[in-house]
Amino acid sequence: QVQLVQSGGGLVQAGDSLTLSCAVSGRTDDFGEMDWFRQAPTSGDGFIARLTWEEGNTFYADSVKTRFTVSRDIAKNTVFLQMNKLYPEDTDIYYCAVRRNDAFSYDYRGQGSQVTVSS
């Protein structure tokens, strides 16, 4: 059974950095991509970043591409979202979600991480 367990949210000040983690357990050989969203991952709303699972390519929303970075520890099956230069408007609940190959919707989702940025 696949599970995505998130960690790393919290309260920071504007300009600070924060790293979210998404630890994956279970079978991953049919994973297509992992996306990070703010709010619930539906209809592409709130898209932040994408990691293609096999190739390891990354893609970012324009609003974060100069500030956020997705990386992966393959040995630990954990994906990280490094968020730098945070603004109060980045405050939200952030989710990681996985879509398997050839799937139209997300098959698995983390429980969410609250990120609060104070001014």
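Predicted model: local features only at pLDDT ≥ 70, side-chain atom pairs only at ≥ 80, totals over all residues.
**Entry 1: Asp30**

Residues are numbered from 1 along each chain as its sequence is written, and side-chain values use heavy atoms, with hydrogens and water left out.

I placed Asp30 in the loop between β3 (18-25) and β4 (31-38). Strands here are DSSP runs (E, at least two residues), numbered from the N terminus. Asp30 is buried, with a relative accessible area of 16%. Buried means under 20% relative accessible area, with a 1.4 Å probe and protein chains only.

**Entry 2: the core**

I went to the largest nonpolar core next. The term covers buried Ala, Val, Leu, Ile, Met, Phe, Trp, Tyr and Cys residues joined through side-chain atoms within 4.5 Å. This core has 28 residues, and Leu4, Met34, Trp36, Leu81 and Met83 touch the most other members. Two or more residues each come from β3, β4, β5 (47-52), β7 (68-73), β8 (78-83), β9 (92-100) and β11 (113-118). β3 gives the largest share, 4 residues. In soluble globular proteins, nonpolar side chains tend to be buried together.

I then checked two of these members. Trp36 lies in strand β4 and is buried, at a relative accessible area of 0%. Its C-alpha atom is separated by 11 Å from that of Phe68, 32 residues apart along the chain. Leaving aside neighbours within four places in sequence, Leu81 is in contact with Leu18, Thr19, Leu20, Trp36, Ile48, Phe68, Thr69, Val70 and Tyr94.

**Entry 3: the sheet**

I traced an open sheet of 4 strands, in the order β1-β3-β8-β7, with antiparallel pairing. Two strands pair if DSSP finds at least two bridges between them. β1 (3-7) and β7 stand at the edges with a single partner strand each, so one side of each is left without a neighbour in the sheet. Direction ignored, neighbouring strands of this sheet are turned by 20° against each other on average. The axes are lines fitted to C-alpha atoms, and angles run from 0 to 180 degrees between N-to-C directions.

I listed the bridges. β3 and β8 run antiparallel and are joined by 6 bridges. Leu18 has Met83 in β8 as its bridge partner. β7 and β8 also run antiparallel, with 6 bridges. Arg72 stands opposite Val79 in β8.

Last, I looked at the hairpin of β7 and β8. It has 4 residues between the strands, and Asn77 takes a positive phi near 50° there.

How values were computed: Buried < 20%, exposed > 50% of the residue type's maximum accessible area, 1.4 Å probe, protein only. Contact = heavy atoms within 4.5 Å.
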